[in-house]
Amino acid sequence: MKALLSLTLLTASVLGTPLQTRQPELRLTLQLEKTRFRVGEPIKTRIIVENRSAVDVVINRRLLINHPSGPHEIFFQIFGPDKKLVPFESQVRALYESREFTRLGTEEVFGKLYDLTSDHILKGAGEYTISAFYENDQDPPLEMKLGAAWKGRLKSNSVQFVIE
């Protein structure tokens with residue numbers, strides 16, 4: 001058995017076949033402070049990145065909100081009462097490169113609170129559905145000595161809320 005394992009490792013290294021490594025498990029959660037709002041009232045939402053794996057994970061903690069085509073780590077999909085996507089309205093001036101990273105230990109969380117009404121026009125009465133996405137494709141600057149960061153895209157849970 002030991003010889004078979006050695007042969008497998010040797011074959012993988014000679015042929016350049018990557019060995020399967022398990023990706024750390026992160027979870028993105030979106031929470032609203034409540035589910036019913038009056039027209040014009042701030043709609044506070046919390047974004048939480050949770051490390052659910054048995055190893056430490058480096059994440060991009062900037063959590064910049066923007067349109068998905070601009071520099072960002074977070075973007076929202078909000079569908080209005082007409083089932084159409086509510087557009088992101090802000091003009092964000094930021095660098096694509098982030099210099100804000102942190103290490104999350106096992107079962108640790110990192111989050112930020114946002115007001116959805118600062119970047120989206122949410123004035124019409126009715127039911128809305130929101131999801132958040134966290135994306136990262138960068139590593140921290142070398143001087144931070146954190147190692148490689150988690151890369152990919154996470155989708156949060158979907159939450160419904162009503163504007164009256």
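How many bridges join E1 and strand E3 (residues 44-51), and is their pairing parallel or antiparallel? In this predicted model, E1 and E3 pair in the antiparallel sense over seven bridges.

**Open sheet**
- Three strands, in the order E1-E3-E7, make up an open sheet with antiparallel pairing.
- Strand E1 (26-32) and strand E7 (109-115) each have a single partner strand and stand at the edges, so one side of each is left without a neighbour in the sheet.
- On average, neighbouring strands of this sheet are turned by 15 degrees against each other, direction ignored.
- Leu28 has Val49 in E3 as its bridge partner.

**Aromatic pairs**
- The structure holds five aromatic pairs.
- One of them is the edge-to-face pair of Phe37 and Phe161, with 5.9 Å centre to centre and 90 degrees between the planes.
- This pair links Phe37 in strand E2 (residues 36-37) with Phe161 in strand E10 (residues 159-163), 124 residues apart.
- Both Phe37 and Phe161 are buried.
- Phe75 and Phe133 are stacked, because their ring centres are 4.7 Å apart and their planes stand at 10 degrees.
- Phe75 belongs to strand E5 (residues 74-79) and Phe133 to strand E8 (residues 126-136), so the pair ties together parts 58 residues apart in sequence.
- Phe75 is buried, with a relative accessible area of 5%, and Phe133 counts as buried at 7%.
- Phe37, Tyr128 and Phe161 form one aromatic cluster.

**Surroundings of Lys155**
- Lys155 is located in strand E9 (residues 152-155).
- Not counting residues up to four places away in sequence, Lys155 touches Leu28, Ser131, Ala132 and Phe133.
- The C-alpha atoms of Lys155 and Leu30 are separated by 9.4 Å, although these residues are 125 residues apart along the chain.

Terms used
Residues are numbered from 1 along each chain as its sequence is written. This is a predicted model: local features need pLDDT of at least 70, side-chain atom pairs count only at pLDDT 80 or more; totals for chains, interfaces and linings use all residues. Side-chain values use heavy atoms; hydrogens and water are left out. Helices (H or I, at least four residues) and strands (E, at least two) are DSSP runs, numbered from the N terminus. Contact means heavy atoms within 4.5 Å. Two strands pair if DSSP finds at least two bridges between them. Axes are lines fitted to C-alpha atoms, for helices over the stretch in contact, and angles run from 0 to 180 degrees between N-to-C directions. Rings of Phe, Tyr and Trp (its six-membered ring) pair if their centres lie within 6.5 Å; planes under 30 degrees apart count as stacked, over 60 as edge-to-face and the rest as tilted. Buried means under 20% relative accessible area, exposed over 50%, partly exposed in between (1.4 Å probe, protein chains only).
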